[in-house]
Amino acid sequence: MQVHSAPARTGERGCPGGNTVGDQAAHGHDQGNGDVFLGQDQPHSARMYDYYLGGKTNYSVDREAAQAVIRLFPAIETVARVNRAYMHRAARYLAQQCDMRQFIDVGTGIPTAPNLHEVVQDVAPECRVMYIDNDPIVLVYADELLAGTPEGRTGYVQADATDPDAVLAAVEAEGVVNLGEPVVLSLHALLHFVPDDRDPYGIVRGFMDRLAPGSYLSLTHCTGDFAPETWEAIIDTYVQRGTPAQVRSRAEVVRFFEGLELVEPGVVLAHQWHPQVGSGPGVLSDRLVSLYAGVGQKGRQ
């Protein structure tokens, strides 16, 4: 059975931009008459990411901003592809090797096949997946996120990642995922859009504290470790266009996993996490990737 979720009105707090992180007034909102304002006047990181991946669900303002980043760092398109390939490998690993059957994908972004539910339901058709994003254009394409297997369930809610309690309340209300059982929480290419003044570590703790023992966290995060001046300029480009952002060192990314048991090989560059032939960009320099990834498990009690 599939669930088509109406947007949960949990993202109207004026938060920093990015996938599931943003001011609804700036990035889009339900205008109260059934129409959705899609925020075409300001670039949105989710639509810029779609552009990096070669997608077509973006506006001229997104393309202008994305091209400004590409001029600074042409490899940003490689970073996007590496991130996507990691998501596929991590999701398959968690479904296949760890027998996980429930997933919450926060910062879903524009649907790009194969989506997470297609990956995990290919392993186990009974998998249940909840998608979360605050970009209203994702809601427009939500049907693509809900076309899962008859044995499994998929759902979508519009919500703000910086409010874990509200996100999980919306998830719980849909009944797709049972929060009393272990869940995989995916925070891919999200936390670099949550600056320190928004307490990103507290946000991650807020999610993981609510999830059942045995749950997993999978995340990716851009870093300036290998090209600090370039990434400083990239961050300035996002900030100047209304999207606060912050890259972090490996040590700062590792900190997101405090209290969790890291799955081998720990926090590494994303293309080095359980690499597989043909799973995405492979032989790349650290500078070109500039994206850390890792998976950690909450201890069982």
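I'm going to walk you through some salt bridges in this structure.

Quick housekeeping: this is a predicted model, so local features need pLDDT of at least 70 and side-chain atom pairs count only at pLDDT 80 or more, while totals for chains, interfaces and linings use all residues. Residues are numbered from 1 along each chain as its sequence is written, and side-chain values use heavy atoms, with hydrogens and water left out.

Okay, the count: there are 7 salt bridges here, meaning a side-chain nitrogen of Lys or Arg within 4 Å of a carboxyl oxygen of Asp or Glu.

One of them pairs Glu64 with Arg241, with 3.0 Å between the closest N and O atoms. Glu64 sits in helix H3 (residues 60-72) and Arg241 in the loop between helix H10 (228-240) and helix H11 (250-254), so this pair ties together parts 177 residues apart in sequence. Helices, by the way, are DSSP runs of H or I, at least four residues, numbered from the N terminus.

Both ends are partly exposed: Glu64 has a relative accessible area of 37%, and Arg241 comes in at 23%. That label covers what falls between buried (under 20%) and exposed (over 50%), using a 1.4 Å probe and protein chains only.

Now look at Arg210. Its side chain meets Asp165 in a salt bridge at 3.8 Å, N to O. Arg210 is in helix H9 (residues 200-210) and Asp165 in helix H8 (residues 164-174), so the pair ties together parts 45 residues apart in sequence. Arg210 also bridges to Glu172, at 3.7 Å. Glu172 is in helix H8 too, 38 residues from Arg210. Put together, Asp165, Glu172 and Arg210 form a salt-bridge network.

Notes:
Helix = DSSP H or I, 4+ residues; strand = E, 2+ residues; numbered from the N terminus.
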